[in-house]
Amino acid sequence: MRSPKRQIRVRVQAPRTAIRARGGLRFDGPPAKVFVGAAKSPRTNLGGSDRSFLWAYGKICRLEYITGEAPAVFIPALLTLSSFETLLSVPVIEGMAVFAILYVTGFMVNALSDRDLDLKYDSFKHEIGEATQRLGDRTGKRLLALHLGAAGAITLHLAWELSAPWLLLLVAGGAFLALAYSLDPLHLKVRGLVAHAFSLALPGFAIPFMFLYFVAARTIDAQGWMIIGSFTLTHYGLTYVNQAYDFDEDSREGVATPPVRLGLGRALNASLAMVAVG
């Protein structure tokens, strides 16, 4: 979000004193000086008390993306379930909870790793940097550990109930790729087109859909694999559009996202192609 319009600030220094004298008024003291300048933007108060913990937590978790995340959580269950009662079963609810937590955790990791960079941007990302600074490194890392621990505990219970220990490996692999996407030393987000696709498409779309499809249907048939592939390709294509929004800032800061590597036009064409094929 761009900063509010600057207001004009006027300051008068050392005004001259009016003294009544014979024949009228005379002024004593140095000439008055008037300074005109821009008032400081309210955005400069980073981490101030006007920003609550809940505001900061919501920003780094990107809760405004809920409408975009919901399909990844609900579509697999809706495609495979035969009744509303099954939708409310414990395994399905736990499966949804796991990836609801992991989705926002991925956004949190990205916010923590890109804090200094986000603060340089003049887009909505600036507020994400402010929120990360408001929480501080220690609180951010504790929240990250809490999220990962909660998702891991629910997955462990789910794997035990369904006798499917490979679900633990699936979630662990997805969490690792999500961390590697944003964090050094791997930071796969900027390691080339293949690394970007591998570290974002799999943990962001393919693995959650595969996990939830299996939890709901107890198997993945040929139709399921086709849906998983289509969903992954379509939504990964849309990430090119999202990252194109920061093309100018990423280019200036040397962040080699796909739109920066390909150029804005080619990246948007690639996005359109992936969405059309998916």
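**Figure 1. Aromatic pairs in the predicted model.** The structure shown in these views is a predicted model. A search of the whole structure finds 5 aromatic pairs. One of them joins tryptophan 166 and phenylalanine 214 in an edge-to-face arrangement, with 4.8 Å from centre to centre and 70° between the planes. The planes count as edge-to-face because their angle is over 60 degrees. This pair links distant parts of the chain: tryptophan 166 belongs to helix α8, phenylalanine 214 belongs to helix α9 (residues 193-217), and the two are 48 residues apart.

**Figure 2. The contact of helices α7 and α8.** Two packed helices are described by the angle between their axes and the distance between the axes. For helix α7 (residues 137-162) and helix α8 (residues 166-182), the axes come within 8 Å and cross at roughly 155°. The crossing angle is over 145 degrees, and therefore α7 is roughly antiparallel to α8. On the α7 side, the contact involves Gly152, Thr155, Leu156, Ala159 and Leu162, which meet Leu167, Leu168 and Val171 of α8. By class, the residues of this contact comprise 6 nonpolar and 2 polar, with no charged residue.

**Figure 3. The largest pocket.** The volume of the largest pocket is about 940 Å³. Its lining is made up of 38 residues, of which Tyr65, Phe107, Leu200, Phe205 and Thr239 are the closest to the centre of the pocket. Two or more lining residues come from each of α2 (66-80), α4, α8, α9 and α10 (222-244). Helix α4 gives the most, with 8 residues. The lining of the largest pocket contains 19 nonpolar, 13 polar and 6 charged residues.

**Figure 4. The second largest pocket.** The second largest pocket holds about 200 Å³ of space. Its lining includes Val109, Leu112 and Ser113, together with Asp114, Arg115 and Asp116. Asp137, Lys141, Leu144 and Leu183 also line this pocket. At least two lining residues are supplied by each of α4, α5 (115-118) and α7. The classes represented are 4 nonpolar, 1 polar and 5 charged residues.

**Figure 5. The cavity.** A search of the whole structure finds 1 cavity of 30 Å³ or more. The volume of the largest cavity is about 50 Å³. Ile60, Arg62, Phe107, Asn110, Ala111, Asp118, Lys125 and Ile128 form the lining of this cavity. Helices α4 (90-113) and α6 (125-135) each contribute at least two residues to the lining, and the largest share, 3 residues, comes from α4. The lining of the largest cavity divides into 4 nonpolar, 1 polar and 3 charged residues.

Methods: Residues numbered from 1 in each chain as written. Predicted model: local features only at pLDDT ≥ 70, side-chain atom pairs only at ≥ 80, totals over all residues. Heavy atoms only, no water. 1 Å grid on protein atoms, 1.4 Å probe; cavity = no way out; pocket = protein on both sides within 12 Å on 5 of 7 lines; lining within 4 Å. Points joined across faces, edges and corners; volume = space filled by probe spheres on them. Helix = DSSP H or I, 4+ residues; strand = E, 2+ residues; numbered from the N terminus. Nonpolar A, V, L, I, M, F, W, Y, C, P; charged D, E, K, R; others polar. Axes fitted to C-alpha atoms, helices over the stretch in contact; angles between N-to-C directions. Parallel < 35°, antiparallel > 145°, perpendicular 65-115°, else oblique. Contact = heavy atoms within 4.5 Å. Phe/Tyr/Trp six-rings, centres within 6.5 Å; stacked < 30°, edge-to-face > 60°.
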